[in-house]
Amino acid sequence: MKKDLKELPKLRDSISYLYMEHARIDQDAAAIMFEVSDGRIPVPVASLTCLMLGPGTTITHAAVKTITENGCLIVWCGENASRFYASGMGETRSAKNVLLQAELCMNQEKHLSVVRKMYEIRFPKMSTKGFTLEQIRGMEGIRVRQAYQTFSKQYGIKWGKRDYKQKEWDNTDAINRALSEANAILYSLCQAAIISLGYSTALGFIHTGKALSFVYDIADLYKVETTIPAAFEATAKGTEDLSKNVRMNCRKYFASARILKRIAKDIEAIFSVDASEEDDSKNIGDIWNEDGTTISGGINYGRGVE
């Protein structure tokens, strides 16, 4: 029997993510079971936000049904989460939040207000009032560049510049590979949170034109304190288990920064709304009128009309 959304753990209380490769995934009562070469691992998906499936994984229809009914997003990705291929659908069925997001995105004045609020989260002790958008972007560039330099010195890792060539992955230096893998994990987590809250991943404000533009917007709020130190710390341990160390570090930094709790609150602040996690949608949607009002759906309005 499908659980009511109100019975499920809230996004802010969930485990961040779980990455699995080379395993068979099947249903196990109200949970799922990972069948790997050395045994079986039960996973309580009701408390999981995002399940990332890497190469060599097979999953049954029953397992997919159980995962989605428990509000967990499935992401099919490349090895070590370095590529994004596809994702499932979140639990939220209401269009209320995505309609608000669309309104803010399409109105130039409101759009700019959202962009400024996003930058204010990065600079909590400073108001962006009086600065142009170009000036704020420059300040953000300096902030990120200083973060790279700081962690480079802290972990003794040579740093040149951010350089990621997707078609020449093996020719990229270790720190840039680690940063790309860490960011990919953060993107998947942010995507799961955004979908769980009923927003669109495509309607971005700073980023635009991509299916995950809003994911990049939200992820950029947390990179300096999560994925950048996680990548440098992992690289300092050597390249033999780089991908594994990146994943472990990301989990540690995400938990320390309380990312899932903050995503919901930050979107609430950015959009100036109550980012409710409850599904208040009706079984049957409303019908739009040309004057902007709505009427109840599920009714045949042609009855009695000649």
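Me: What share of the chain counts as buried, and what makes a residue count that way?
Reply: Of the chain's 306 residues, 46% count as buried. The word is used for a relative accessible area under 20%, with over 50% called exposed and anything in between partly exposed (1.4 Å probe, protein chains only). Keep in mind that this is a predicted model, where local features need pLDDT of at least 70, side-chain atom pairs count only at pLDDT 80 or more, and totals for chains, interfaces and linings use all residues. Residues are numbered from 1 along each chain as its sequence is written, and side-chain values use heavy atoms, leaving out hydrogens and water.

Me: What is the secondary structure made of, and what makes a stretch a helix or a strand?
Reply: There are nine helices and ten strands. Both are DSSP runs, numbered from the N terminus: a helix is H or I over at least four residues, a strand is E over at least two.

Me: Why is Ile-74 called buried?
Reply: Ile-74, which is found in strand S7, has a relative accessibility of 1%, so it falls under the 20% limit. Leaving out neighbours within four places in sequence, Ile-74 is in contact (heavy atoms within 4.5 Å) with residues including Leu-51, Leu-53, Val-64 and Ala-86. Ile-74 and Ala-192 sit 118 residues apart in sequence, and their C-alpha atoms are 8.4 Å apart in space.

Me: What about Asn-70: buried or exposed?
Reply: Asn-70 has a relative accessible area of 9%, which is under 20%, so it is buried. You'll find Asn-70 in the loop between helix H1 (61–69) and strand S7 (73–77). Its side chain reaches the backbone oxygen of Thr-66 at 2.7 Å.

Me: Why is helix H7 described as enclosed?
Reply: Nine of the ten residues of H7 (residues 227–236) are buried, so the rest of the structure largely encloses this helix. Among the buried ones are Ile-228, Pro-229, Phe-232 and Glu-233. Their cover includes H4, helix H5 (174–196) and helix H8 (242–257). Just after H7, Gly-238 takes a positive phi of about 110°.

Me: How do you know that the length of H5 agrees with its number of residues?
Reply: The expected span of a helix is 1.5 Å times one less than its number of residues. For the 23 residues of H5 that gives 33 Å, and the end C-alpha atoms are 33 Å apart, so the two agree. H5 is also mostly covered, with 22 of its 23 residues buried.

Me: What makes a group of residues a nonpolar core, and which residues touch the most other members of the largest one?
Reply: A core is a set of buried Ala, Val, Leu, Ile, Met, Phe, Trp, Tyr and Cys residues joined through side-chain atoms within 4.5 Å. The largest has 60 residues, and Phe-205, Phe-214, Ile-218, Ile-267 and Phe-271 touch the most other members. H5 gives this core its largest share, 13 residues. Apart from it lies another core, of 14 residues, with Val-43 and Ile-74 among them.

Me: How do you know that strands S2 and S3 pair?
Reply: Pairing takes at least two bridges found by DSSP. Strand S2 (residues 24–28) and strand S3 (residues 31–36) have five, and run antiparallel. One example is Ile-25, whose bridge partner in S3 is Phe-34. S2 also pairs with strand S6 (residues 58–59), in the parallel sense over two bridges. Arg-24 stands opposite Glu-35 in S3 and opposite Thr-58 in S6.

How values were computed: A polar contact is a pair of N or O atoms within 3.5 Å; within protein, one must be able to donate a hydrogen and the other to accept it, and residues adjacent in sequence count only if both atoms are side-chain atoms.
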